[in-house]
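Walk through this fold with the coordinates open. We start in a sheet and end at a pair of helices.

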Amino acid sequence: MAENGLSRAERLRGDKSIGKLFREGRNGFVFPFRYYYLCVPAEAGEPAGSLLVSVPKKLFRRAVKRNLLKRRTREAFRLEKHGAARCTAREERLHIALVYAAKEEVGTVRLRGSVRRIFAEIAAARERPAGQTGGGEQR
């Protein structure tokens, strides 16, 4: 049962880790999230991914609504966290920040699909050679 939970080690915390993620990490957008990610070296026994969730006060003034969306996002990550292991090499760990960007409330099923798609995009970006962008034609 413990493997299905979202442990403290799977929550991204600490100013240095968070600052490094936003400074050096890559980003993208999958409705309803703007996401930032960074692969860092992992130590033995660490989980494959760490999560930070943010719901801006500018979009949802009521704390009750922000907390609901953060809870739903953490649950979607918890159910799809096996995707983080596919995004990284064995000796790496994925740090990911999900910033809620939609002005309307989104259901749990949609959030789970979005988290799944984010992991797919990260895996695809890591498979591409450096300097090559996704989509479009090369010149």
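Which residue in S4 does Phe-33 stand opposite? Phe-33 stands opposite Tyr-100. Strands here are DSSP E runs of at least two residues, helices are H or I runs of at least four, and both are numbered from the N terminus.

This is a predicted model, in which local features need pLDDT of at least 70, side-chain atom pairs count only at pLDDT 80 or more, and totals for chains, interfaces and linings use all residues. Residues are numbered from 1 along each chain as its sequence is written, and side-chain values use heavy atoms, with hydrogens and water left out.

Take the sheet. Four strands make an open sheet with mixed pairing, in the order S1-S2-S4-S3. Two strands pair if DSSP finds at least two bridges between them. S1 and S3 (49-54) are the edge strands, each pairing on one side only. Neighbouring strands are turned by 20° against each other on average, direction ignored.

Now the individual pairs. S1 (residues 26-30) and S2 (residues 33-41) run antiparallel and are joined by five bridges. They form a hairpin, with two residues between them. Phe-29 has Arg-34 in S2 as its bridge partner. On to S4 (residues 92-100): S2 pairs with S4 over nine bridges, again in the antiparallel sense.

Val-99 sits in S4. Contact means heavy atoms within 4.5 Å. Neighbours within four places in sequence aside, Val-99 is in contact with Pro-32, Phe-33, Arg-34, Tyr-36, Ser-54 and Pro-56.

Next, a helix against the strands. H2 lies across S2, S3 and S4, and runs at about 160° to S3. Axes are lines fitted to C-alpha atoms, for helices over the stretch in contact, and angles run from 0 to 180 degrees between N-to-C directions.

Finally, the helix pair. H2 (residues 63-80) and H4 (residues 108-127) pack at about 50°, with axes 9 Å apart. That makes H2 oblique to H4. Angles under 35 degrees count as roughly parallel, over 145 as roughly antiparallel, 65 to 115 as roughly perpendicular and the rest as oblique. On the H2 side, the residues that meet H4 are Arg-72, Thr-73, Ala-76, Phe-77, Leu-79 and Glu-80.
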